[in-house]
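This report describes selected features of one structure, from the surroundings of its ligand to individual backbone angles. The sequence and structure are shown first.

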Amino acid sequence: MAKISTIFPRRGLIVSAQALEDEPLHGGDTMAKMARAALEAGAIGIRTNGAHDIRAIKEAIDLPVIGLIKRVIPGADVFITPTMQEVAAILDAGADIVAMDVTDREGRLDKVVELFGYIHERGAAVMADVSTYEEGIAAARLGADFVGTTLSGYTPYSTQQEGPDLNLIRRLSGELDIPVVAEGRIWTPEEAVAALDAGADYVVVGSAITRPQLITARYVKAIRQKLG
Ligand SMILES: CC(=O)N[C@H](C=O)[C@@H](O)[C@H](O)[C@H](O)COP(=O)(O)O
């Protein structure tokens, strides 16, 4: 039984449109244009990084936005919305949902409680980006509104694989009463459908749609392999 949120009243595709400072599409209204293209194609939501792009997308189109701010803190591994400073900036920019690292490292599971409380006070929702089943269960217990498999493969102790972590999606959606978002390394429509079959309520696709340098690299690799 699907667990539908009032923010996304039907199941579907959420497009992650992100370009960090060192990526070719960074800046200007490029991510807002990506978001418009996603809307025209039938996406039900957008996930994006940084106050500038959150604001630009909210102004450009009428879709719910999952906002995050990536910030690398020297000596720390947590980089998706690490502190209250980023949470406040994401909310000020108008995001409907704040995504953040909810992994079991650096005392994070204790620290997020205050962040969750503040987000809820301001009328927004929390998406917990986790890397394991245990973290997903903890995130729900702590009050997250969505759990995403975003960080599977990106912590040293989580499953490392090339494709989406369907096993994690299956286990979390079988257990949790909140929506499970399949996210991470979904490259084909077939993988998106497999994520739904595994029980995902929503599917986020990022690089395969919005990072042309990575899409191009896959073609170049295949063609070079063929040509030698
Ligand atoms: C691990 C990490 O930093 N993930 C980030 C989280 O927002 C993004 O860089 C990803 O593009 C996003 O999760 C979507 O995943 P994919 O691009 O694989 O479809």
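## Ligand shell

How many nonpolar, polar and charged residues does the shell around the ligand have? In this predicted model, the shell has 7 nonpolar residues, 6 polar residues and 2 charged residues. Of the 15 residues around the ligand, those that come nearest are Ser16, Tyr154, Arg185, Gly206 and Ser207. Two elements, strand 8 (202–205) and helix 8 (207–210), each give two or more residues to this shell.

## Helix 1

Helix 1 spans residues 30–41 and has 12 residues. From its first C-alpha to its last it reaches 17 Å, close to the 16 Å expected at 1.5 Å a residue. Its buried residues include Met31, Ala32, Met34, Ala35 and Ala38. Viewed down the axis of helix 1, the buried residues fall within an arc of 155°, so they line one face of the helix. An α-helix has 3.6 residues a turn, so residues three or four places apart point the same way.

The cover over the buried residues of helix 1 includes strand 1 (12–17), as well as strand 2 (45–49), helix 2 (51–60) and helix 8. Glycine 42, with a positive phi near 110°, follows helix 1.

## Phenylalanine 8

Phenylalanine 8 is placed in the segment before strand 1. This residue is buried, because 21 other C-beta atoms lie within 10 Å, where 20 or more are required. Leaving aside neighbours within four places in sequence, phenylalanine 8 is in contact with Ile44, Gly45, Pro64 and Tyr202. Aspartate 201 is 193 residues away from phenylalanine 8 in sequence, yet the C-alpha to C-alpha separation is 10.0 Å.

## Strands 6 and 7

Strand 6 (residues 146–148) and strand 7 run parallel and are joined by 2 bridges. Valine 147 stands opposite valine 180 of strand 7. Within strand 7 (residues 180–183), Val180 and Ala182 point one way, whereas Val181 and Glu183 point the other way; all are buried.

Most residues other than glycine have a negative phi. Threonine 81 has a positive phi of about 50°, and glutamate 106 has one of about 55°.

Threonine 81 is found in the loop between strand 3 (65–68) and helix 3 (84–92), while glutamate 106 lies in the loop between strand 4 (97–101) and helix 4 (108–121). Threonine 81 counts as buried because it has 28 C-beta neighbours inside 10 Å. Glutamate 106 is partly exposed, with 15 other C-beta atoms within 10 Å.

Terms used. Residues are numbered from 1 along each chain as its sequence is written. This is a predicted model: local features need pLDDT of at least 70, side-chain atom pairs count only at pLDDT 80 or more; totals for chains, interfaces and linings use all residues. A residue is near a molecule or strand if its C-beta atom, placed from the backbone, lies within 6 Å of it. Helices (H or I, at least four residues) and strands (E, at least two) are DSSP runs, numbered from the N terminus. Ala, Val, Leu, Ile, Met, Phe, Trp, Tyr, Cys and Pro count as nonpolar, Asp, Glu, Lys and Arg as charged, and the others, Gly among them, as polar. A residue is buried if 20 or more other C-beta atoms lie within 10 Å of its own, exposed if 12 or fewer, and partly exposed in between; C-beta atoms are placed from the backbone. Two residues are in contact if their C-beta atoms, placed from the backbone, lie within 7 Å. The expected span of a helix is 1.5 Å times one less than its number of residues. The arc is that of the directions from the helix axis to the C-beta atoms. Two strands pair if DSSP finds at least two bridges between them.
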